[in-house]
Structures are given as C-alpha cells and as structure tokens.
Amino acid sequence: MISTFFDHELKSFWRSKNTGKSIAVKVVMGILIFILFLYVLALGLFMDKLVGAMFPKEDLTVAFCGIVLVYFLFDLLMRLQLQELPTLKVQPYLHLPVKRNSVVGYLALTAQLSFFNLWPIVIFGPFILKIILPVSGAVTTLVFIVSIIGYSIFNNYLALYIKRKANLNGWIFLIAGAVLTLATCGDYVWHLYSLKAISYLFFGNLITKPYLVILPVVLAVAMYYLNFYYLKGNLYLEELSSKKESAKSSTEIPLLSRFGHVGDLVANEVKLILRNKRPRSALIMGLFFMFYGLIFYTNPKLGESFKIFVGMFMTGIFIINYGQFMFSWQASHFDGILVSKVKFSDFLKAKYLLFTIVSTVAFILTTPYAYFGWRTVLIHFVMYLWNLGINTTIVLYFANRNYKRIDLSKGASFNWEGVGASQLLLSFPLILFPYVIYLPFKFMGYTNVGLAVLAIIGVAFIITRDFWIKKLEADFYTKRYKIAEGFRNK
C-alpha cells in the first residue's frame, strides 16, 4: 500500500498545473542542498582536527563525547524551525477500504526522508571511523553509530509531534521553544550546569558499557509510536472538524468590538493568522525575535547604532515579516473583497490597527531589556513609534505592488511562494531610512537629537495616518485589477 501512496503522490506532482515551476524550484533547492552537503561533509572529515583545536587540553574521544548531545539539542531547535511536516491528502482515502494503519504508516515512513536525519551520520561518522574504531573496536563503533541514529530518529519524531500539537494549540510550540532556550541559557549564560558533562555522562560511558545503546533505541521507538497513535487518533474528518469548531470562538476578542467594522476586519485577520500555518509562522517567529537583543546587547563592542536596528526589528518584526506579504494572505478570496461592500479605506485601517496592537505588545515584551539600561528601552520606544508611523506605511505601499499569491496551508520553511522583487525592494527602505536620519546627527555628536527626530517623524506619520490611507487607497485603485490577476495565477 505504501508503494501505491507513493505512486499517487508522483502522479499528483506530474499532473499539477505548476509542475514546471515546481521542478525549477526543486532543482534550485537541490543545488543549494548539495552545496550545503559538501560543507557538512567537509565538517565531518575534519571533525577530529576541529575538536582538537577547540579542546586542546582534552583527549579527542572525551571532547567528542561531550559535544554530541549538545549537537542534538541544537538539532531539535533547528528542526522545530525548518523541518516540514510530511503531507498526504488523506481525504480521498478515508471513505475507501484503506486501513488507517497504512495511511499513518506512510506518513511515519516519509517523515524519515529529511536531510536533518542525514547530517548526524555525515558529521559524526568520519570521526567515529577515524578515531573510535582503531582504539575501541568494532562493537563500540557500532553502538556509537546506532546511538546517533537513535537520537536522530527521536529528535525527528519529537519535533514532528510538537509541530502537530502546535497546529491545534500555538502555545505548545512556544512552550517547547522556551524550554529549549532555557536549557541552553542554563549552561551558556547562567552556568547552572554543563551540557558537555551531561553528554559525556552517556557517550563516555557508552565506551565501557555498550548496553547503554538501548536508551536511544527505546526513546526512538517510543517517540515513533507516540506519533503513530496521535496521527491515527486524529485522522478522521469528523474529528478534525470538531476541533476546528471548538476553536471557532477563540478569536472573539472583546477589545476589537469598540472599533466597529474595522475591528471586525482585524478579528477576521487574527482568525486567518491562527488557523493557517504560514501566517502563524510569521507570528511565532516574531515572538522568538524578542530574544534578538541578547545577541547584541551582551557584546559591549557594539555601539548604540546597533540598538536602532535591533529595536526596530524587535518592536516591528511582525510588521516586516507578515507585512511583506500583505494582500497575498487574502489571495484566495481577493476577488470577493473587490466586489464586497467593504471600503478599502477600512481594509487599510484594519491593517494599521493590527500592526499597532502587535507592535505594542512587542514593545511591552522588550521592556525587560531595561537590564541593559533605560536608554535601551528609550531607543526601543523611539523605534516603536517609527514602526507605527513609517514602516507600516512603507509596507502597505509595497503591498500595492505585490502580485504573487500564497497558499496559507503551507509552512514557511524553504517556501519561496509569494516572494518576488517587491520583498527585496522593501528591505532597503525599512533598514536604511532610520540610519539616513540618525547617523548624520551621531557623527555630529548629537545622538539624542537624532533619536528625537526619529520619534518626531514617527509621531507625525501616526497623526497624519488618515492622509496616508487616502493616498494608499488611491494608489490601490490604479492597481487592483493587476493584483487580482496575479492572485488568480496558481
């Protein structure tokens, strides 16, 4: 039956209207992945020299055993961000005499077809064969390889389980990300424990106690069956639809009711974000960017100019990440919007209101950076005003020049759908404009004046927002049919 599913997937691909475009994208991605594979292979071949250079006072095997588990921690973080869920259009099979175990088994099997499962073998395999095999023998080499494969499979299914659960409850993804982040900070920031020592506790003892290989094997098998039974229990359409119905009232936000029709449009946008993978990814990524300041603010060599950049990103990442695809989110029903009674000015006001609410929440979440000084919070507030005034207007201006549709059900990782020239051009004014204003004052020694000018310009654009809405509305009406035509091209 698995071969039948695979055959159906191939036929679906070759019969699709977008086959040519899909092949071109896959060829480009294949080239990029091959280049990445060569880099990873080089890393694996020279792993012994790199480990020796990083830990010159330690035995190579001891140092290696201390970094393996650390790798799998970061591997899990990367999988949560980049690994796609294996898909199969199961609806056509649910009314046929096809066993659910066969459908779920196919999904579980294709979950192994990920390059994340190949990297540990490529990275650690050469070291094990070059260093561990000559010293410890074939049995130890075998248990090392099996352990690495076991932890890789465990990470694979754990990441998929978290992402599947997060599709029903976004908080699960945030909690998982927070746990992994805290686990990393506990070692590298707060020094409460040593991940290296924990890693050596298992892999170091694996040399003298090969039976410990049972642990990663049991973890991998357990996580496989946890995924298997979760998918099996959520395969029927009736069960999936009942969960959607239960979530229907979750976006009834009383706060938005005071804004009237504009508030209703924002509520619909919130539902669109929470119910679909790609816009939800934009929101979740924005929350992860709240930790962006820790990369820069902990480095005393970086000056205040970087705080302008970081403050803009942290308080406006949703405007940038979600706004760059503005109007494409409504591509599937854009024709309906054009013929509806919704005023486009209200449509734009709803976008402004959504950006204002999310950016305000983002600014509040960045206030703990007062630990690095209240001036840091002041810069965040200045860039918050700049985002609400300037960047929202810039994003909506470029939205009138975006003609590419987006499939909301697809994830964001390695997904170039909707990306075009407008996204590339948009990045220049967003990044450069604040520096064009701030840097001249900095070079003259008037940094406070530079910040004040940024804030004044932002407030000026906020106050004159109605004027800019009228300009954007007039611009939209000259391009609406071209936008609609672009959104119809699947």
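The model is predicted. Its second largest pocket holds about 310 Å³ of space, and a search of the whole structure finds seven salt bridges.

**Second largest pocket**
- Of the 16 residues lining this pocket, Asn268, Glu269, Leu272, Gln330 and His333 are the closest to its centre.
- Helices α14 (260-275), α18 (334-339) and α19 (344-365) each contribute at least two lining residues.
- The largest share, five residues, belongs to α14.
- Sorted by class, the lining has seven nonpolar, six polar and three charged residues.

**Phe327**
- Most residues other than glycine have a negative phi.
- Phe327 has a positive phi, near 75 degrees.
- Phe327 sits in the loop between α17 (304-323) and α18, and it is buried, with a relative accessible area of 0%.

**Salt bridges**
- Glu58 pairs with Lys196, their closest N and O atoms lying 2.6 Å apart. This pair links distant parts of the chain, 138 residues apart: Glu58 is in the loop between α3 (47-54) and α4 (60-82), and Lys196 is in helix α10 (residues 195-208).
- Glu58 is partly exposed at 33% relative accessible area, and Lys196 is partly exposed at 24%.
- Asp75 pairs with Arg79 at 2.8 Å between the closest N and O atoms. Both lie in helix α4, four residues apart, about one turn of the helix, and both are buried.
- Arg401 pairs with Asp475 at 2.7 Å between the closest N and O atoms. Arg401 is in the loop between α20 (374-399) and α21 (421-443) and Asp475 in helix α23 (residues 465-477), so the pair ties together parts 74 residues apart in sequence.
- Salt bridges with shared partners join Arg401, Asp475 and Lys479 into one network.

Methods
Residues are numbered from 1 along each chain as its sequence is written. This is a predicted model: local features need pLDDT of at least 70, side-chain atom pairs count only at pLDDT 80 or more; totals for chains, interfaces and linings use all residues. Side-chain values use heavy atoms; hydrogens and water are left out. On a 1 Å grid over the protein atoms alone, a cavity is a set of points where a 1.4 Å probe fits but cannot get out, and a pocket is an open set with protein on both sides within 12 Å along at least five of seven lines; lining residues have an atom within 4 Å of a point. Grid points are joined across faces, edges and corners, and a volume is the space filled by probe spheres set on the points. Ala, Val, Leu, Ile, Met, Phe, Trp, Tyr, Cys and Pro count as nonpolar, Asp, Glu, Lys and Arg as charged, and the others, Gly among them, as polar. Buried means under 20% relative accessible area, exposed over 50%, partly exposed in between (1.4 Å probe, protein chains only). A salt bridge is a side-chain nitrogen of Lys or Arg within 4 Å of a carboxyl oxygen of Asp or Glu.
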